[in-house]
Amino acid sequence: MNPKKNKTWKYMKEISRKNYNKIKFERVSDGKFIEDNEELTIIGKEIIKILKDNINEKSITFVDICGAPGNYSKLVLDNFNSNGIGISLPPEKGGVKFEMEEYENYDIKYKDILNDKIDIPKINLGIASCISYEISNKNAFQLNLKLILTSLLHLLDNLKKGGNIVINLTIKNINFAFNIVFILSKLFKKNSIWKSSKVWPDKNTFYFFGFDYNYDVKYYEKIKELLENLKQDSFMRNIYFNKVLMNNSNFKIIDDKMNKIYQVKIDYFLNL
């Protein structure tokens, strides 16, 4: 079982290499990281549609980690009977300021999720879309994975049984992508992966949607193991980055789903 034998993956890598110089990596102005509210609103509306099609709770308590300026939170509050908490890196540490002044049923916590203790109430919806603000960091991939897995554990630690999550992942290392999707698929009775064709189609980002949380200590501990491995400079040598750890049936299911993720990048570059 090898994701790199997938013909669509191979073509995606080839066309991405040919168009590498056309990819915009940095969202920075005057040396500071910025968010594009228009882009976030577009992708946020797509996310909300998927949530509406899959969750039926009468009321929602949610947390939005790395949520500033708050576009996703606004859309949840506008579309569901809900109250929420937004958590994001303090602006004085390079984070983005929340713009949520008009929402009374929303609490804001400026926290460094990698270092600060964070109190989160029990939730039935968790959202996390963390990326590194350290644009020049040579270990940006390692830092991004730390942020993703740390935010994921914050969500799972406070998610009610039957709850739901949306979290950004990456296909930068395809073995890791397969393994984390597999692990998460064992924690939710229903799941899907998705990549927007409208916003960041040239990037490695995609989203995992998990519905109906069912805690399983075996797979929860695997996430903690992955995060612990990321503390080592040699993390890329870990088996999770070099081999898919699942049976053939699960591999085929994820391989088929990943084709749709690859195709979004391919279509974008074909239409440049």
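Trainee: What end-to-end span should helix 4 have, and what do its end C-alpha atoms give?
Mentor: Remember that this is a predicted model. Helix 4 runs over residues 140–158. Its 19 residues, at 1.5 Å a residue, should span 27 Å. The end C-alpha atoms agree with that, being 27 Å apart.

Trainee: And how many residues of helix 4 are buried?
Mentor: Buried here means under 20% relative accessible area. Helix 4 is largely enclosed by the rest of the structure, because its buried residues number 15 of the 19.

Trainee: Is helix 4 roughly parallel or roughly antiparallel to helix 5?
Mentor: Helix 5 covers residues 174–185, and its axis comes within 14 Å of the helix 4 axis. The two axes cross at roughly 0°. Angles under 35 degrees count as roughly parallel, over 145 as roughly antiparallel, so the answer for helix 4 and helix 5 is roughly parallel.

Trainee: Which residues of helix 5 meet helix 4, and what class are the contact residues?
Mentor: From helix 4 come L145, L149 and L152, and they meet F176, I180 and L184 in helix 5. No polar or charged residues take part in the contact of helix 4 with helix 5; by class there are six nonpolar.

Trainee: What is the handedness where helix 5 crosses helix 6?
Mentor: Helix 6 is residues 217–229, and it packs on helix 5 at about 150° with the axes 9 Å apart. The crossing is left-handed.

Trainee: How many charged residues sit in the contact of helix 5 with helix 6?
Mentor: On the helix 5 side are F176, I180, F182, I183 and L184, meeting Y219, K222, I223 and L226 in helix 6. They divide into eight nonpolar, no polar and, for charged, one.

Conventions: Residues are numbered from 1 along each chain as its sequence is written. This is a predicted model: local features need pLDDT of at least 70, side-chain atom pairs count only at pLDDT 80 or more; totals for chains, interfaces and linings use all residues. Side-chain values use heavy atoms; hydrogens and water are left out. Axes are lines fitted to C-alpha atoms, for helices over the stretch in contact, and angles run from 0 to 180 degrees between N-to-C directions. Helices (H or I, at least four residues) and strands (E, at least two) are DSSP runs, numbered from the N terminus. Angles under 35 degrees count as roughly parallel, over 145 as roughly antiparallel, 65 to 115 as roughly perpendicular and the rest as oblique. Contact means heavy atoms within 4.5 Å. Ala, Val, Leu, Ile, Met, Phe, Trp, Tyr, Cys and Pro count as nonpolar, Asp, Glu, Lys and Arg as charged, and the others, Gly among them, as polar. The expected span of a helix is 1.5 Å times one less than its number of residues. Buried means under 20% relative accessible area, exposed over 50%, partly exposed in between (1.4 Å probe, protein chains only). A crossing is left-handed if the near helix is turned anticlockwise from the far one by less than a right angle, and right-handed if clockwise.
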